[in-house]
Amino acid sequence: MAIDLHTHSTVSDGTDTPAELMAGAAESGLAVVALTDHDTADGWAEAAAAVPATGVALVRGAELSTVHEGVSVHLLAYLHDPGHPPLVAALEASRRSRDGRARRMVEKIALDYPLQWEDVEAHAAPGATIGRPHIADALVTRGYVEHRSQAFEHLLAGSGPYYVRYESPELADMVRMVRDAGGVPVLAHVRASGRGRIITDADIASLVAHGLAGLEVDHRDHTEADRAHLRILAAELGLLITGSSDYHGTGKPNLLGENTTEAAVLAQIEAEGALDVIRP
Ligand code: AMP
Ligand code: FE
Ligand code: FE
Ligand code: ZN
């Protein structure tokens, strides 16, 4: 009954199509998988169509880009209405900002390493939210780096010379908006300090009043100490605890099902969410 609540497809920056992801979930022995592409629900229909053939249940979700006091925070949303107008508008704004930002990063990189926007587009599915991983793929193709992770070490690093920020909505507003859309908001990899600055425990506590439902505790970017700390914090705040792979296909080493979530937690998420889990 393994449950993995955080994965990406080609609709954002994963390398499996939604259908391939569902097939991979079956091969990995998962009973339930959540598709949580960055800032979009565009992969839901294809993943849902693969439920009967793969026998894997689908949780429809998304990973939303937000910011709090200059710190980038990823917010998982589960079982929300993807047509909720304020959410549609917020995600559209995020995607537009991401697109302009990706183009500016390519322009900056191209001054030192010949590269064109078309090289990057070639690595993204039509309509996909273009992010640094697609730029990384173009850098690999051009032979400047060997793999995505190497691109992130310097050329694409947040502290690096080519990094450009993008605009995202305020974290607390997004927590509330996900609830307003009938969804269940869970903070993704909130202690992953390798990705940049992180928010404080007090920040996390203040989100409870806005409707925060849970914390992603078991994630490969968290140390054992991070996990132990978050387990205590979640207990204190009455928050759900999830564990997930953050699978991105061949773009990252993360493997489907490497961290999992308890069935009782999924049951609570489903009870609170506007949509049902799609079962075979
Ligand atoms: P962006 O959202 O465009 O700023 O890019 C961030 C995305 O890059 C994250 O969602 C990850 O999927 C991916 N990423 C971050 N670090 C790495 C890495 N070291 N190797 C591969 N992908 C990464
Ligand atoms: Fe990603
Ligand atoms: Fe994330
Ligand atoms: Zn993710």
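This is a predicted model: local features need pLDDT of at least 70, side-chain atom pairs count only at pLDDT 80 or more; totals for chains, interfaces and linings use all residues.
Guide: Residues are numbered from 1 along each chain as its sequence is written, chains are lettered from A and ligands numbered from 1 in the order in which they are written, and side-chain values use heavy atoms, with hydrogens and water left out.

Visitor: How do you know which residues coordinate the iron ion (ligand 3)?
Guide: Donors are N, O and S atoms within 2.8 Å of the metal (3.2 Å for Na, K and Ca), and water is not among the atoms, so a site may look incomplete. Glu63 (OE), His74 (ND1) and His189 (NE2) lie at 2.0 to 2.2 Å from this iron ion, and therefore they count as donors. The iron ion (ligand 2) is 5.5 Å from the iron ion (ligand 3).

Visitor: What makes Glu63 and His189 a link between distant parts of the chain?
Guide: Glu63 sits in strand E3 (residues 57-68) and His189 in the loop between E5 and H9, 126 residues apart; the helices (H or I, at least four residues) and strands (E, at least two) are DSSP runs, numbered from the N terminus.

Visitor: What makes the phi of His189 worth a remark?
Guide: Most residues other than glycine have a negative phi, whereas phi of His189 is near 25°, a positive value. Asp246 also has a positive phi, of about 60°, although it is not a glycine; this residue lies in the loop between strand E7 (240-243) and helix H11 (263-272), and it is buried, with a relative accessible area of 1%.

Visitor: How do you know that E5 is paired with strand E4 and with strand E6?
Guide: Two strands pair if DSSP finds at least two bridges between them. E4 (residues 71-78) and E5 are joined by 4 bridges and run antiparallel, with Val184 as the bridge partner of Tyr78, while E5 and E6 (residues 214-218) are joined by 2 bridges and run parallel.

Visitor: How do you know that both faces of E5 are covered?
Guide: In a regular strand the side chains alternate between the two faces of the sheet. In E5 (residues 184-187), Val184 and Val186 on one side and Pro185 and Leu187 on the other are all buried.

Visitor: Why is the aromatic pair of Tyr113 and Tyr162 called edge-to-face?
Guide: Rings of Phe, Tyr and Trp (its six-membered ring) pair if their centres lie within 6.5 Å, and planes under 30 degrees apart count as stacked, over 60 as edge-to-face and the rest as tilted. The structure holds 2 aromatic pairs. In this one, the centres are 6.4 Å apart and the planes are at 80°, so the pair is edge-to-face. Tyr113 is partly exposed at 27% relative accessibility, whereas Tyr162, at 8%, is buried; together with Tyr144 they form one aromatic cluster.

Terms used
Buried means under 20% relative accessible area, exposed over 50%, partly exposed in between (1.4 Å probe, protein chains only).
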